[in-house]
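I opened this notebook to record what I looked up, entry by entry. The sequence and structure come first, and my notes follow.

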Amino acid sequence: MRKLIKNVRVITPYEIIFEHALLIEEGIIKKIIPEDKINDEYYSEIIDGENNFLAPGFIDIHNHGNSGYDFMDATEGAIDEMTKFHFKNGVISTLGTIITSSDENIEKAIVNLQEYKNKNDRAQVLGIHLEGPFFNLLKKGAQPKEYIKDPYLEGMKKYNELAKGSLKMVSLAPELKGADSLISYLKSENVMVAMAHSNATFNEAKKGVDNGVTIATHLYNGMRSFSHREPGIIGVSLTDERVYCELINDRIHLHDAATLMAIKMKGIDKIVLVSDAMRAAGLENGEYELGGQKVFVKEGAARLENGSLAGSTLNLRDAVYNMIKWLNIPTHQAVRMASLNPAKAIKIDDRKGSIEVGKDADLIIFDENINVEAGIVGGNITWLKN
């Protein structure tokens with residue numbers, strides 16, 4: 001089937017193309033066509049984008065839950081509801097993030113994600129992000145301290161075996177004893193390694209990157225603070241071109257100046273927008289749970305009883321909007337941070353993350369205010385507007 005999406009402003013990683021349409025065949029982007037070259041009789045289906053933007057679907061590589069659910073619930077129904085929420089907010093692909101917990105709970109969540117069957121009318125689960133349990137207690141943040149442990153290779157191997165190829169990313173503290181062997185093992189298994197909840201010095205973090213770390217999990221948060229004499233993990237993340245930097249752009253986790261500093265130092269193509277969302281995303285203020293801990297949400301900020309931030313209530317649609325509205329980032333660059341950059345960070349950019357010929361037709365249509373009008377999975381459109 002030849003499908004055409006016309007009357008749209010096409011967002012590529014580098015520009016916005018006007019007066020063009022997109023040809024899709026068998027779920028793959030085949031061609032970007034000038035609108036004056038369209039022959040309506042040639043296509044089996046024509047979709048009118050009503051002069052909205054056509055963009056690659058957002059990819060959230062770090063999120064725990066939403067709509068009252070969490071990936072730690074380890075049920076098909078929970079993932080169904082979470083991916084439905086993602087879809088409405090422009091996220092067409094996601095990694096399910098597993099928080100520090102008991103081995104039993106982690107293993108259940110891994111198996112549930114590995115066995116989950118994607119549906120075409122919601123976000124697609126691309127794999128697993130294991131956030132923990134190999135962290136530094138000094139920077140645990142909202143990670144449950146009773147389950148944090150030192151790295152041990154046999155434990156990591158068991159998690160990976162249960163995942164059966166679906167483990168895509170592991171966040172750990174690179175300075176811990178035993179971390180080197182885990183990083184080497186994960187690199188050999190083509191699993192991306194991120195540094196997080198870490199008190200690493202500059203030299204310790206640099207060694208981690210030299211060994212294979214390529215991502216800084218939620219930059220600035222859950223890591224040693226920057227100092228001009230000991231720049232630490234933040235110094236490495238901002239100055240080493242091998243490192244992608246996650247940002248939680250809810251304007252709660254980060255001051256706008258810190259966000260702009262990261263963008264100016266890393267460049268547009270190394271910033272990855274993430275939500276790090278928990279159960280309360282999409283819901284009202286109140287009491288919730290994360291990793292077995294009470295979380296109180298007030299004015300959109302999720303915190304433990306001790307005041308520590310505990311994930312967010314963000315979604316990627318809002319993260320992109322915040323970039324454009326408050327930081328004056330051009331639309332195509334803000335979209336890139338939520339699509340092509342995360343795809344590159346977990347090495348799936350050969351097929352996802354941008355509107356380019358040969359890639360999967362996983363797309364979204366949104367208006368001037370980034371309100372998502374439709375989601376498209378493999379070329380199949382689902383209209384979301386009322």
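I began with what covers the buried residues of helix 3, and among the covering elements I found helix 2 (103-115), strand 9 (124-131), strand 10 (167-172) and helix 4 (179-188). I keep in mind throughout that this is a predicted model.

The buried residues in helix 3, which spans residues 153-163, are Gly 155, Met 156, Tyr 159, Asn 160 and Ala 163. They lie on the same side of helix 3, because the arc they cover around the axis is only 135 degrees. I noted the general rule beside this entry: an α-helix has 3.6 residues a turn, so residues three or four places apart point the same way. I then turned to the other side of helix 3, where Glu 154 and Glu 161 are exposed.

Just after helix 3 I looked at Lys 164, which takes a positive phi of about 50 degrees.

**Helix 4 against helix 5**

For a pair of packed helices I look up the angle between their axes and the distance between the axes. Helix 4 and helix 5 (residues 202-211) pack with their axes 9 Å apart and at an angle of about 25 degrees. Angles under 35 degrees count as roughly parallel, and helix 4 and helix 5 are therefore roughly parallel to each other. The crossing in which helix 4 passes helix 5 is right-handed.

Which residues meet where helix 4 and helix 5 touch? From helix 4 I listed Asp 180, Ile 183 and Lys 187, and these meet Lys 207, Gly 208 and Asn 211 in helix 5. Sorted by class, this contact of helix 4 with helix 5 has three charged, two polar and one nonpolar residues.

**Helix 5 by itself**

In helix 5 I found Ala 205, Gly 208 and Val 209 buried. The buried residues of helix 5 fall within an arc of 100 degrees when I look down its axis, so they line one face of the helix. Their cover includes helix 4, strand 11 (192-195), strand 12 (213-216) and helix 6 (232-239). Gly 212 follows helix 5, and its phi is positive, near 145 degrees.

**Phe 58**

I next looked up Phe 58, which lies in strand 5 (residues 58-60). Is Phe 58 buried or exposed? Its relative accessibility is 0%, so Phe 58 counts as buried. Leaving aside neighbours within four places in sequence, I find Phe 58 in contact with residues that include Asn 89, Val 91, Ile 92, Leu 316, Val 320, Val 335, Ile 364 and Phe 366. I also checked Phe 58 against Thr 201: the two are 143 residues apart in sequence and, C-alpha to C-alpha, 33 Å apart in space.

**Backbone points to check**

Most residues other than glycine have a negative phi, and most peptide bonds are trans, so I looked up the exceptions below.

- Asn 7, in strand 1 (residues 2-11), has a positive phi near 55 degrees, and Asn 7 is partly exposed at a relative accessible area of 28%.
- Ala 74, in the loop between strand 7 (69-70) and helix 1 (76-88), has a positive phi of about 55 degrees although it is not a glycine, and Ala 74 is partly exposed with a relative accessible area of 22%.
- The peptide bond from Gly 132 to Pro 133 is cis, with omega near 5 degrees, and I placed Pro 133 in the loop between strand 9 and helix 3.

How values were computed. Residues are numbered from 1 along each chain as its sequence is written. This is a predicted model: local features need pLDDT of at least 70, side-chain atom pairs count only at pLDDT 80 or more; totals for chains, interfaces and linings use all residues. Side-chain values use heavy atoms; hydrogens and water are left out. Buried means under 20% relative accessible area, exposed over 50%, partly exposed in between (1.4 Å probe, protein chains only). Helices (H or I, at least four residues) and strands (E, at least two) are DSSP runs, numbered from the N terminus. The arc is that of the directions from the helix axis to the C-beta atoms. Contact means heavy atoms within 4.5 Å. Axes are lines fitted to C-alpha atoms, for helices over the stretch in contact, and angles run from 0 to 180 degrees between N-to-C directions. Angles under 35 degrees count as roughly parallel, over 145 as roughly antiparallel, 65 to 115 as roughly perpendicular and the rest as oblique. A crossing is left-handed if the near helix is turned anticlockwise from the far one by less than a right angle, and right-handed if clockwise. Ala, Val, Leu, Ile, Met, Phe, Trp, Tyr, Cys and Pro count as nonpolar, Asp, Glu, Lys and Arg as charged, and the others, Gly among them, as polar.
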